[in-house]
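The following exercises are to be worked through with the sequence and the three-dimensional structure at hand. Each task is followed by a solution in steps.

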Number of protein chains: 2
Amino acid sequence: MIPHELKGSEAAKAICSSLQETVANLRNKNVIPTLAIVRVGSREDDMAYEQAAIKRFNNNSGRVLQVTLKENCTQEELEKVIMNINRTREVHGVLVMRPLPKHLNESRIKGMLNLRKDVDCMTYLGQAGLFMGEKGVFTPCTPQAVIELIDYFGIDVSGKKVTIVGRSQVVGKPLAIMLMNKNATVTVCHTKTADLRAECKNADIIVACAGKARMIDDTYVSKDQIIIDVGINMADGVLCGDVDYDKVAPIVSAITPVPGGVGALTTSVLFKHTVLSADRS
Amino acid sequence: MIPHELKGSEAAKAICSSLQETVANLRNKNVIPTLAIVRVGSREDDMAYEQAAIKRFNNNSGRVLQVTLKENCTQEELEKVIMNINRTREVHGVLVMRPLPKHLNESRIKGMLNLRKDVDCMTYLGQAGLFMGEKGVFTPCTPQAVIELIDYFGIDVSGKKVTIVGRSQVVGKPLAIMLMNKNATVTVCHTKTADLRAECKNADIIVACAGKARMIDDTYVSKDQIIIDVGINMADGVLCGDVDYDKVAPIVSAITPVPGGVGALTTSVLFKHTVLSADRS
């Protein structure tokens, strides 16, 4: 039985619990799953996410290594950091906060970071592996959080019509591939879609990842649908998703809240990927 | 005005004509656009395609270099060939006939071939570039043939509902990304899709690339649709597409024939990519 409110925190706990045996085995070999977070500058949302990751790792016997560079650092300095992390055996995963400042060449980093440590799928080889269905590649954390949520609540997507609203490289596009691989019939919508309401109303599952506060209201949904809201927006000083929860929740069969939905899962995915990477190495 | 029968040969001629000025400029610099075709063994369809490519290149002042290896060649021999082609300035594009025999490691070749010569998008970096929307990467020839056909006949896909039947790595998946980039609203269907007829009937454009002879018949289509048939199948000794042309053609607004549709365009795309690569180098 799928609950009406799909709480990310529940799924997050389950993911972390399921990894405790692996973490204990690693500890017996003196290995602590370690994530390096590379941050250039001190953007507020980067720092908030970093703190959330540190908390998640610390609470689950993992470790975060903070590597912080000044906003005006050089490409050479950044590349030295990446090369150093690539070489360091004790680091199993890397998260590079993006976008990087404009004077830095992000492409070179995407080509340079070790694929085995690319726990958020930022590299070219990671993205190619995701797109081509290669085994052993880590998927990006946010779309993977959607998959984990679906799996945790036993939502069967095989053969189901899934409408994704948003075609970004960080969520919409990779999620389309990942849901196709789970045998969903996926439609990707965007600002140019002629009749977005119809595409949404006809779906079994809607995934909102357009980055537009409360754009999916009661006129977009129908009974028996499952709504997954990936949006995190500030509107009138309040944190809200891409779905107008108050209007939509009474109509549909199940829905993720914001906050406390998909967003509550991403650091667990980061932890999971780092543990798997540590276990492989 | 879009004609009822969308002939690939017409579009193919137009592509090759549009390149003649570039080809002439290259010839003045003693550069002849050259494609190396690497074939292991002598599979019949590989050889037929090779001959078609040779004809296309010869007729348009290009050149094909045939590199043929025995069916039982070693990985080392194949890799030597690839490394040699990577180094050879006079070769601008490479087509490796696939699938390779099972004893050979295709992944290593996907990692090894020079991205700049990857005119059919077989490499990991090429696939990553396609998926991530990087500029200057060559798309795979068959889905690109669909795009060229759409462009040649002035079919506007922006905001239109496109249903793709088939999710293969060579056609369905890359085409989904490419059509999304042209602002189409894309739905990808496959064997697990619950109601394929409805997904097809509701589309503005259907692209059939499932590899199943005449599976799309008159019960899948509606008036005013455009049907693009990528299938090439043998059924009862006759070459046919994934669409039952005789039943579908009278109903829809436009349709590609098989043979003479998308298939007639692929060697022109191969030529185009090779010319562009020569022009860049």
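**Exercise 1. Determine how many salt bridges there are over all chains, and examine the pair formed by Arg39(A).**

Solution. Step 1: a salt bridge is counted where a side-chain nitrogen of Lys or Arg lies within 4 Å of a carboxyl oxygen of Asp or Glu. By this rule, 23 salt bridges are found over all chains. The model is a predicted one, in which local features need pLDDT of at least 70, side-chain atom pairs count only at pLDDT 80 or more, and totals for chains, interfaces and linings use all residues; side-chain values use heavy atoms, with hydrogens and water left out. Residues are numbered from 1 along each chain as its sequence is written, while chains are lettered from A and ligands numbered from 1 in the order in which they are written.

Step 1: Arg39(A) pairs with Glu50(A), and their closest N and O atoms are 2.6 Å apart. Because Arg39(A) lies in strand β1 (residues 34–40) of chain A and Glu50(A) in helix α3 (residues 44–59) of chain A, the pair ties together parts that are eleven residues apart in sequence. Helices (H or I, at least four residues) and strands (E, at least two) are DSSP runs, numbered from the N terminus.

**Exercise 2. Describe the contact between chain A and chain B.**

Solution. Step 1: with contact taken as heavy atoms within 4.5 Å, 33 residues from chain A and 33 residues from chain B take part.

Step 1: the area buried between the two chains is about 2800 Å², and carbon and sulfur atoms give 59% of this. Buried area is the accessible area (1.4 Å probe) that two parts lose on being put together, summed over both. Within chain A, the residues that lose the most area to chain B are Phe131(A), Met132(A) and Met180(A), together 24% of what that side buries.

Step 2: two salt bridges are counted between chain A and chain B. Glu199(A) forms a salt bridge with Lys161(B), with 2.8 Å between the closest N and O atoms.

Step 3: the elements of chain A that give two or more residues to the side touching chain B are α5 (106–112), α6 (124–132), α8 (172–181) and β5 (185–189). The largest share, seven residues, comes from α6(A).

**Exercise 3. State how chain A can be laid on chain B.**

Step 1: the same surface serves both copies, as 100% of the contact residues of chain A recur in chain B.

**Exercise 4. Trace the open sheet of ten strands.**

Solution. Step 1: the order is β10(A)-β7(A)-β6(A)-β4(A)-β5(A)-β5(B)-β4(B)-β6(B)-β7(B)-β10(B), with mixed pairing. Two strands pair if DSSP finds at least two bridges between them. β10 (254–255) of chain A and β10 (254–255) of chain B stand at the edges, each with a single partner strand, so one side of each is left without a neighbour in the sheet.

Step 1: β5(A) and strand β5 (residues 185–189) of chain B run antiparallel and are joined by three bridges. Here Thr187(A) stands opposite Thr187(B).

Step 2: strand β4 (residues 161–165) of chain B and β5(B) run parallel and are joined by five bridges. Val162(B) stands opposite Val186(B) in β5(B).

**Exercise 5. Locate Pro99(A), Pro259(B) and Ser61(A) in their loops.**

Solution. Step 1: most residues other than glycine have a negative phi, and most peptide bonds are trans.

Step 1: Arg98(A) and Pro99(A) are joined by a cis peptide bond, with omega about 0 degrees. Pro99(A) is placed in the loop between β3 (93–96) and α5 of chain A.

Step 2: the peptide bond from Val258(B) to Pro259(B) is also cis, with omega near 0 degrees, and Pro259(B) is in the loop between β10 and α11 (266–280) of chain B.

Step 3: Ser61(A), a residue other than glycine, has a positive phi near 65 degrees. Its place is the loop between α3 and β2 (63–69) of chain A.

Methods
Least-squares fit on C-alpha atoms with pLDDT ≥ 70 in both.
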